[in-house]
Structure formats: structure tokens, C-alpha cells
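Here are my notes for you on this one. Keep the picture open beside you while you read.

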Amino acid sequence: MSNETITFLSAHWLDILSTLLGLAYIILEYRASIALWFVGIIMPAIDIYLFWSVGLYADFGMAIYYTLAGIYGFLIWKYGRKRCQGDSNELPVTHFKRSLIAPAAAVFGVAWVAIYAILVCFTDSDVPVTDSFINALSIIAMWALARKYAEQWLIWIVVDIVSSALYAYKGIPFKAGLYAVYVVIAVMGYIKWRRMCVPAEGDRA
């Protein structure tokens, strides 16, 4: 192994580790495996330092959110119930209810403006619009994933496309490549989860 390769790997080892965990995470998500939440707690813990080190402060904050959301998601998948669930112990995949679209859009809009304002006023971020956009949208996507809605994949497709471009711009190439792969898997995941959907009359969790 050349000195250049060793130097490169040394400089990007945290990015590489986070990327490998990210691949494991998306595969488990595609399979609708509850194990995804364990990886979903470890990976953002690493990202907390990674994003802070490259000045992606909104992503740094979101990494903290993802850690907490990982705990929430595990509890919902493990103990949550939906009316269509019947006697099954496994939370079923259902469609995103139309009644939730307007509230979700409102939360996204408020979060985008709030995160943007924080970045502009309190950080030296040079990408406040893009950084705040993907993180505000990720809040909605993560909640939809925790509720096991098939359409969460559509939200992630948008997040992943924008994130891949942003991370490439900020010089974390492995993370950028990971999110490009995410786009492909998200399309496949949406098709798979649609086939897994059961009719939902409403939620109790």
C-alpha cells in the first residue's frame, strides 16, 4: 500500500466507517428489519464529530436528532400498534395518510426556516440554504420511517440526491458516494415497501 493511499485513508477513516455503517443501515431498512435502529444509533454518533469537523452544523444537529430518533423508532417498531395490525406482533407497513400531508408540510416549512436562521445567525456555514433544507426534510422522513410509512422512501430520495451533491462539495467523498447509492436503494425500497403495504384505517401509536 502506497504512502499516498495510507495518507488518504488516514484522513478519511471516519468518513469510511460512517459510510460502511450507512450501507448496513440502508440494507436493513430495505428489508424492513428492526435491526436498522441499532445501526441508526451508532452511525449518527460518529456523524456528530464528522459533520462538525467539516462545518456542516445543521447536519451535526441532525445527527443528535437521529440518535434520539433511532431510540424512538425502535420503540415504535417494537411496541407500537396500528389498527390494521390485527394479532400480529410486527408493526405493518402502511401508506402515508393524506390527512398527514398538510401538517407534515407545515412542520417542514417551519423547520427549514428555523434551521436556516440558526445557521445564518450563529454559525459560519457557507451552505445554509441547502444544509437547512435537507435537515428539515429529514425530520419528516425520519418520522415517516419510524411510523413505517412506505412513502418515507420518496422523501428520502429527495434528501439523498441533495445530500450527495452537498457532501461532494464539502469534501467528504465517501459520504457523498453513499448517498448516491442511497438514491438507487430508496427507489428499490419504495417498490418493495409498496408491495408490503396493508390497508390502514388509522394509527393508535
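1. Let's start with a quick one: is Tyr 149 buried or exposed? Tyr 149 is buried, with a relative accessible area of 1%. Here buried means under 20% relative accessible area, exposed means over 50%, and partly exposed is in between (1.4 Å probe, protein chains only).

2. Before going further, a word on the model. It is predicted: local features need pLDDT of at least 70, side-chain atom pairs count only at pLDDT 80 or more, and totals for chains, interfaces and linings use all residues. Residues are numbered from 1 along each chain as its sequence is written, and side-chain values use heavy atoms, with hydrogens and water left out.

3. Now the overall layout. The chain has 7 helices and 0 strands, where helices (H or I, at least four residues) and strands (E, at least two) are DSSP runs, numbered from the N terminus. Of its 205 residues, 48% count as buried.

4. Next, the rings. Rings of Phe, Tyr and Trp (its six-membered ring) pair if their centres lie within 6.5 Å; planes under 30 degrees apart are stacked, over 60 edge-to-face, and the rest tilted. The count by this rule is 16 aromatic pairs. Take Trp 143 and Tyr 149: their ring centres are 5.8 Å apart and their planes stand at 55 degrees, so this pair is tilted. Elsewhere, ring pairs tie Trp 37, Trp 77, Trp 153 and Trp 193 into a cluster.

5. You'll find Tyr 30 in helix α1 (residues 3-30), and it is partly exposed, at 25% relative accessible area. Leaving aside neighbours within four places in sequence, its contacts (heavy atoms within 4.5 Å) include Trp 153, Lys 192 and Trp 193.

6. Last, helix α6 (residues 152-169), which has 18 residues. Its buried residues include Trp 153, Trp 156, Asp 160 and Tyr 167. Just after α6, Gly 171 takes a positive phi of about 80 degrees.

How values were computed: Expected span 1.5 Å × (residues − 1).
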